[in-house]
Amino acid sequence: MNFEVVTYGDSVLRKKAEPVKAFNADLRSLALDMIRTMHAANGVGLAAEQVGRTCSLCVIDVPPAADVEGEGGPRLNPMAPMPLIMANPRITARAGEMEGDEGCLSFPAIYGPVKRAYEVTVEYQDLDGIQRALTVRGLLSRAVQHELDHLRGVLLIDHFSVPRKLSLALSLKRLKKETQERLKACPPA
Ligand SMILES: [Zn+2]
């Protein structure tokens, strides 16, 4: 099934994720539904909070054409398994810096420049609970940092500069209101 992606204004986006403890069929099914939802929304990443859940799980899928340095350059992360499913992920090393526009499925049509580490090492468990580690660069590194932010309740707009946030104030207010009206009309189970 596809989830409806939770948008800004829903308090679940500010929740800190609880560790995943059971690596069972329910977790697998949640991860697969999150991947479906992410693909349907043309996103490159999705965290559990964005589908109303608070377990430490996120999915990422950076297409090969986007996993390059510059246009048509060599692949940056040919070894990273895609789609990437990470339970209990944590970043253990960061190197370099990059700045680029970043968006989020929970903030439709809202973008802004965000500084991130160019390279990160992330340790996580796969769906079988097996401990894994990956060092990633470029867009995939940005996606990992963005999704791990979600798992601790940190959002895209928290990284925006004050002027950027001010310029988006009306759009954010409107989005929050729409989200809250939808929640009132149809509260989560
Ligand atoms: Zn996001």
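Guide: Let us begin with a definition: two residues are in contact if their C-beta atoms, placed from the backbone, lie within 7 Å. This is a predicted model, in which local features need pLDDT of at least 70 and side-chain atom pairs count only at pLDDT 80 or more, while totals for chains, interfaces and linings use all residues. Residues are numbered from 1 along each chain as its sequence is written.

Visitor: Which residues is Tyr118 in contact with, leaving aside its neighbours within four places in sequence?

Guide: They are Ala95, Gly96, Glu97, Met98, Arg137 and Ser141. Between Tyr118 and Gly96 the C-alpha distance is 4.9 Å, although 22 residues separate them in sequence.

Visitor: What makes Tyr118 count as partly exposed?

Guide: A residue is buried if 20 or more other C-beta atoms lie within 10 Å of its own, exposed if 12 or fewer, and partly exposed in between. Tyr118 has 15 C-beta neighbours inside 10 Å, so it counts as partly exposed. Its place is the loop between E5 and strand E6 (119-125).

Visitor: Why does Leu105 count as buried?

Guide: Leu105 has 20 C-beta neighbours inside 10 Å and therefore counts as buried, since the definition asks for 20 or more. Leu105 lies in the loop between strand E4 (98-102) and strand E5 (112-116). Beyond the residues up to four places away in sequence, Leu105 touches Val5, Ala41, Gly43, Leu46 and Gln50. Over the whole chain of 189 residues, 31% count as buried.

Visitor: Why does Asn42 count as exposed?

Guide: Asn42 has 7 C-beta neighbours inside 10 Å, so it counts as exposed; the definition sets that class at 12 or fewer. Asn42 sits in the loop between H1 and E1, and its phi is near 55°, a positive value in a residue other than glycine.

Visitor: How many helices and strands does the chain have, and what makes a run count as one?

Guide: The chain has four helices and seven strands. They are DSSP runs numbered from the N terminus: helices are of type H or I with at least four residues, and strands are of type E with at least two. The order from the N terminus is α-β-β-β-β-β-β-β-α-α-α. The chain is as compact as a globular protein of its length, because its radius of gyration is 16 Å, close to the 16 Å that the globule rule gives for 189 residues. That radius is taken over C-alpha atoms, and the rule is 2.2 Å times the number of residues to the power 0.38.

Visitor: Which strands form the open sheet, and what makes two strands a pair?

Guide: Two strands pair if DSSP finds at least two bridges between them. The open sheet contains five strands in the order E1-E2-E3-E6-E7, with antiparallel pairing.

Visitor: Why are E1 and E7 called edge strands?

Guide: E1 and strand E7 (131-137) each pair on one side only, and they are the edge strands. Neighbouring strands of this sheet are turned by 35° against each other on average, direction ignored. H1 packs on the sheet, touching E1, E2 and E3, and its direction makes about 40° with that of E2. For such angles, axes are lines fitted to C-alpha atoms, for helices over the stretch in contact, and angles run from 0 to 180 degrees between N-to-C directions.

Visitor: What makes a set of residues a nonpolar core?

Guide: A nonpolar core is a set of buried Ala, Val, Leu, Ile, Met, Phe, Trp, Tyr and Cys residues joined through C-beta atoms within 7 Å. The largest one here has 38 residues, of which Leu57, Cys58, Val59, Ile60 and Val144 touch the most other members. H2 supplies the largest share of this core, six residues. Ile60 touches Val44, Gly45, Pro83, Leu84, Ala143, Val144 and Glu147, residues up to four places away in sequence not being counted. Gly45 also stands opposite Ile60 in E2.

Visitor: Where does Pro83 lie, and what is the peptide bond from Met82 to Pro83?

Guide: Pro83 lies in the loop between E2 and E3. The peptide bond from Met82 to Pro83 is cis, with omega near -10°.
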